[in-house]
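Please open the model in your viewer and keep the sequence panel beside it. The stops below say what to select next and what is there.

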Amino acid sequence: TVLKDNKIIVVVEGTKAFSDYDTFTRAMSVALSNLDRDNDNRFEVWTAGPNNINGYTASFCNITENYLKQKGIKVKFTKVPYSYVEDNMNYVDYYAFFSNPEEKPSRLTAKAEQSDVEVAIYRY
């Protein structure tokens, strides 16, 4: 299980066909806007794949790490299996799913919606 202390947890998932890094970075900026600047000191991203999404997540976290560190916020990203996200959905603050327009969201997306997590679906 996950300890929820002064951090925001974002889950990122997508499809193999998604390839718009600019859209991904805009979506992650929206996720960052959910930080409570007075209370949150960690921005944690769980990436549930596939590899292209994992790579985008790693790149985004690495690029923003120095900026956020100056503001006293630590960045952490972790590759996690679907089952981990399902088991810990009650700790998630924001869920972002990325696909092309003709692709359907995953079962994790539905679970996030049922769990009252803020869900954003990006189709480009």
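A polar contact is a pair of N or O atoms within 3.5 Å; within protein, one atom must be able to donate a hydrogen and the other to accept it, and residues adjacent in sequence count only if both atoms are side-chain atoms. This is a predicted model, in which local features need pLDDT of at least 70 and side-chain atom pairs count only at pLDDT 80 or more, while totals for chains, interfaces and linings use all residues. Residues are numbered from 1 along each chain as its sequence is written, and side-chain values use heavy atoms, with hydrogens and water left out.

Select glutamate 44 first, which is found in strand 2; helices (H or I, at least four residues) and strands (E, at least two) are DSSP runs numbered from the N terminus. A polar contact of 2.8 Å joins its side chain to that of tryptophan 46. Glutamate 44 counts as buried because its relative accessibility is 5%, where buried means under 20% relative accessible area, exposed over 50%, and partly exposed in between (1.4 Å probe, protein chains only). Leaving out residues up to four places away in sequence, glutamate 44 touches Lys7, Ile8, Ile9, Val10 and Lys76, contact being heavy atoms within 4.5 Å.

Next, display the whole sheet, which is open and has five strands in the order 3-2-1-4-5 with parallel pairing; two strands pair if DSSP finds at least two bridges between them. Strand 3 (74-79) and strand 5 are the edge strands, each pairing on one side only. On average, neighbouring strands of this sheet are turned by 20° against each other, direction ignored; axes are lines fitted to C-alpha atoms, for helices over the stretch in contact, and angles run from 0 to 180 degrees between N-to-C directions.

Now select strand 4, where six of its six residues are buried. Tyr94, Ala96 and Phe98 point one way from this strand, whereas Tyr95, Phe97 and Ser99 point the other way. Strand 4 runs parallel to strand 1, to which five bridges join it, and alanine 96 is the bridge partner of valine 12. Towards strand 5, also parallel to strand 4, there are six bridges, and here tyrosine 94 has glutamate 118 as its bridge partner. From strand 4 the chain crosses through helix 4 to strand 5 in a right-handed β-α-β crossover, a term that applies if, with the strands pointing away from the viewer, the path from the first strand over the helix to the second runs clockwise.

Which residues have the most contacts inside the largest nonpolar core? They are Val10, Val12, Phe24, Phe43 and Phe98, in a core of 24 residues; a nonpolar core is a set of buried Ala, Val, Leu, Ile, Met, Phe, Trp, Tyr and Cys residues joined through side-chain atoms within 4.5 Å. A second, separate core of 13 residues includes Ile9, Ala48, Val92 and Phe97.

Finish in two loops. In the loop between strand 2 and helix 2, select proline 50: the peptide bond from glycine 49 to proline 50 is cis, with omega near 0°. In the loop between helix 4 and strand 5, select aspartate 116, which has a positive phi of about 60° although it is not a glycine. Aspartate 116 is exposed, with a relative accessible area of 73%.
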